[in-house]
Amino acid sequence: MSELTQYAILLGLTLGTVGLVLSIYALARAIGRARAEPAKDVPATAGTLARDPVWVRYHAKYYGYALLFLAFDMEMAFMYPWAVVYREEGLVALLDMGVFLAILFLGLLYGWSQGALRRQ
Amino acid sequence: MSIAVIILALAIGCYAVAVLEGWAVHGRLSLTRPATSALALLGREQILPRTSDRLFFEVGPVLLLVAGLLSVAVIPLAPGLIITDLAIGALFLNAALAYVLVALIMAGWGPNGAYGMVGGWRFLGQFIAYAMLIVMPITAVAMRAESLSTTQIVLSQAALWNIAYQPIGFVLFVIAAMGVAWLPPIDLPTGGGDLAGGVEAEYTGARLAVLRLARLVIIVALAGATVTFYLGGWLGPWLPGWVWTALKTLAVAAGMLALGSRLPRLREAKYLELSWKLGITLALANIFLVGVIALVVPI
């Protein structure tokens, strides 16, 4: 199978899934509809409207991790091609990536020492 | 042909996992419970919460199901029995699973309800904890197989399964997989008894059925991925390949569910701390160890 065919299959799978969901919804609708009653559409807060608005800004208390995560996630983009040719390249590959990972790990240790790895 | 077979196998797997989950949660083994509860969900009213973000609310469960199915597409059931044998299969699995986060944030944000919102944001924290521990062990697996193709990864384990070759990676991957599928004890987005259902709180009827189905698909996909990466996929004596894959996948799913039913829920802060202080260190050590072994031993 060519690459293009494979991705066409994946696209077909996605569309088929959407079709499946739509047919489940159609089936449920054919069984019956919701009766319009007052206060039925209030979100789950013990039957009353929420005191505070929900769509507001939240404090991401894990932002220290999140910043480190960005660095590590970028590093993974380099790791995959490296992993595939690792055995071909041999010791050179181990040393190259070893230095890279050591620097990154030192960064993690530094962040840890500065208190990045805790809930702020 | 193979697509139909795999979709059928996936449907059976989902049902089996639903039965197992009922057993783990309620302590009673019932073969008909998933069918009756699915029918009950279809018969229930579908309520759209007031002032909801309709687009996010509707797209969330569908995107979750699409993410689950796309990750199943690269998991081989037997030699040649795979939906798409992509050359970058393992990477594609990661990419598909990344949308689990997007879908859950959408499902949490959409209904404009406090519990859903808290569940969605908690999952973002959970994502930052598990994400690295999914990709780093897979890197070590790819180093041994010299390929990202899932079929090649299974074939590379002919002499020795990866669970013996890189046990640290296996443990890290299983724990991270439990995080992706928000299985207990890391079920922060739904948090039974804590958040009134969390992201599931505002979903009713058929939409909730789709959301739960999507989660079952994701559990099967992750158990299948564990089998492919660490337990030798279809490799095994006497029985045909697909039986081995099916048995191993169900065993891994049952193991994850059994583990979860015996542990108290982990707080998000604790999970982040464990993942980054212990998990990342172990994952890097795993990559280094596998690197040394792969250069010294030819298997």
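A nonpolar core is taken here as a set of buried Ala, Val, Leu, Ile, Met, Phe, Trp, Tyr and Cys residues that are joined through C-beta atoms within 7 Å. In the predicted model, the largest such core has 129 residues, and those with the most contacts inside it are B:Leu65, B:Ile134, B:Val180, B:Val217, B:Ile219 and B:Val220. The element that gives the most to this core is helix 5 of chain B (residues 114-145), with 21 residues. Because domain 1 (1-34) and domain 2 (64-120) of chain A both give residues to this core, the core lies between these two domains. Apart from residues up to four places away in sequence, B:Leu65 touches A:Thr17 and A:Val21 of chain A, together with B:Val210, B:Leu213, B:Ala214 and B:Val217 of chain B.

Chain A contains four helices and zero strands, which follow one another along the sequence in the pattern α-α-α-α. The radius of gyration of chain A is 25 Å, well over the 14 Å that the globule rule gives for 120 residues, so chain A is more spread out than a compact globule. Along the principal axes, its C-alpha atoms fill a box of roughly 70 × 50 × 15 Å, and buried residues account for 13% of the 120 residues in the chain.

The contact between the chains takes 46 residues from chain A and 53 residues from chain B. On the side of chain A that touches chain B, two or more residues come from each of helix 1 (3-31), helix 2 (63-84), helix 3 (86-89) and helix 4 (91-113), with helix 1 giving the most, at 13 residues. By class, this side of chain A has 36 nonpolar, five polar and five charged residues.

Technical notes:
Residues are numbered from 1 along each chain as its sequence is written. Chains are lettered from A and ligands numbered from 1 in the order in which they are written. This is a predicted model: local features need pLDDT of at least 70, side-chain atom pairs count only at pLDDT 80 or more; totals for chains, interfaces and linings use all residues. The radius of gyration is taken over C-alpha atoms; the globule rule is 2.2 Å times the number of residues to the power 0.38. A residue is buried if 20 or more other C-beta atoms lie within 10 Å of its own, exposed if 12 or fewer, and partly exposed in between; C-beta atoms are placed from the backbone. Domain bounds come from an automatic or database domain assignment. Two residues are in contact if their C-beta atoms, placed from the backbone, lie within 7 Å. Ala, Val, Leu, Ile, Met, Phe, Trp, Tyr, Cys and Pro count as nonpolar, Asp, Glu, Lys and Arg as charged, and the others, Gly among them, as polar.
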